[in-house]
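The sequence and structure come first, followed by the details.

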Amino acid sequence: MSLYRLARPFLFSLDEENAHQLALYTAGVAGLFSAPVPRAPVRAMGIEFPNPIGLAAGLDKDAAHIDALAALGFGFIEVGTVTPRPQPGNARPRLFRIEEKQAIINRFGFNNVGLDAFIANVQRARWKGVLGINIGKNADTPAERAIDDYELGLKQVYPHAAYITINISSPNTKGLRTLQEAEHLEALLKRLTALREPLADRYGRRVPLVVKVAPDLGADEIRSIADAVRRYGIEGLIATNTSLSRQGVEGLRHASEAGGLSGAPIREMATRVLREFGRALKGETTLIGAGGVMSGADAAEKFRAGASLVQLYTGLIYRGPDLVSECASAFRAK
């Protein structure tokens, strides 16, 4: 029995957010006792990844635990979402486990320490692996000024990131998902890709941009987003974020809580969206599969659907660090 399986009953006896923090602080110790992660090199977005299994944004919002999380063997780590100014996020409680379905609902609302403290945390980290930084807008920034927040985030994190994710799909910041709509996405990507050119000249490297989308997208929305991603040369797309759907958890305790649903119940939905983006983009953009990866078989399903890389979050909470090795092994066996 793994160390995590022994520790999980204690963690799950705690308030969800307290357990979340404790797991972050003890991740380095857990890494000492987890299964070794096999090498499974992948080149994507012009970056060499030691393996294709990454940590999704949202677990380490403040980039305060990079070294500890790196001990779990991830091929890449994504931190954030970070906003220009610090903000507390939504009121607690804001994180809810639905254990019988291996699911979580969260409505954190981009709680984070803000760009200055976040970047200081990144600079303190000793780990020099592939670090993605996820940027968003402050909750009180008016919709007509949202792009200003993303521009500031891009400027500030650019020299510290291997790639930068533009989060336009969290359901927990009012109006954020409207940025996925054609007119708004066009304006956002036009501004950010234009800004990237002087940044690339200044720092001597072109940092890939990635767009993170929701699983609650229809076919027309997927085509529209894919067209914009292709037109502006966006290097990557993460499919997907959490869902507003409650399919698969109806009637269960906490199912009616507001927020984004993650974990096993959204696996098929997220994989469908991933597959449809694969068809629309035809290999022109790196796809990163996320949403409901609870086993090596689930990771293999994402790879078959077109993902070059896979990210974990909720699966890590339910399965523990050995899931990283299991998913990397599934990639090697594909």
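## Helices α9 and α10

The crossing of α9 and α10 is right-handed, the term for a near helix turned clockwise from the far one by less than a right angle, with left-handed the anticlockwise case. Helix α9 covers residues 267-281 and helix α10 residues 296-304; they pack at an angle of about 20°, and their axes are 9 Å apart. That angle makes α9 roughly parallel to α10, since angles under 35 degrees count as roughly parallel, over 145 as roughly antiparallel, 65 to 115 as roughly perpendicular and the rest as oblique. Axes are lines fitted to C-alpha atoms, for helices over the stretch in contact, and angles between N-to-C directions run from 0 to 180 degrees.

On the α9 side the contact is made by Arg267, Ala270, Thr271 and Leu274, and on the α10 side by Asp298, Glu301 and Lys302. Contact means heavy atoms within 4.5 Å. The residues of this contact divide into four charged, two nonpolar and one polar. In this scheme Ala, Val, Leu, Ile, Met, Phe, Trp, Tyr, Cys and Pro count as nonpolar, Asp, Glu, Lys and Arg as charged, and the others, Gly among them, as polar.

## Basis of the values

The model is predicted: local features need pLDDT of at least 70 and side-chain atom pairs count only at pLDDT 80 or more, while totals for chains, interfaces and linings use all residues. Residues are numbered from 1 along each chain as its sequence is written, and side-chain values use heavy atoms, with hydrogens and water left out.

Helices (H or I, at least four residues) and strands (E, at least two) are DSSP runs numbered from the N terminus.

## The sheet β5-β6-β11

Three strands form an open antiparallel sheet in the order β5-β6-β11. Two strands pair if DSSP finds at least two bridges between them. β5 (95-98) and β11 (260-263) are the edge strands, each with a single partner, so one side of each has no neighbour in the sheet. On average, neighbouring strands of this sheet are turned by 25° against each other, direction ignored.

Strand β6 (residues 103-106) pairs with β11 in the antiparallel sense over four bridges. Ala103 has Gly263 of β11 as its bridge partner. Ala103 is also among the residues touched by Val249, together with Ile98, Lys101, Ala255, Leu261 and Pro265, when residues up to four places away in sequence are not counted. Val249 lies in the loop between β10 (236-239) and β11. Its relative accessible area is 1%, so Val249 is buried; buried means under 20%, exposed over 50%, and partly exposed in between (1.4 Å probe, protein chains only).

## Strands β8 and β9

Strand β8 (residues 163-167) pairs with β9 in the parallel sense over four bridges, and Thr165 has Val210 of β9 as its bridge partner. In β9 (residues 209-213), five of five residues are buried. Leu209, Val211 and Val213 point one way from β9, and Val210 and Lys212 the other way.

## Two further buried residues

Asp60 is in the loop between β3 (53-55) and α4 (66-70) and counts as buried at 1% relative accessibility.

Thr286 is in strand β12 (residues 286-289) and is buried at 13% relative accessibility. The residues it touches include Ala44, Met45, Glu235 and Leu309.
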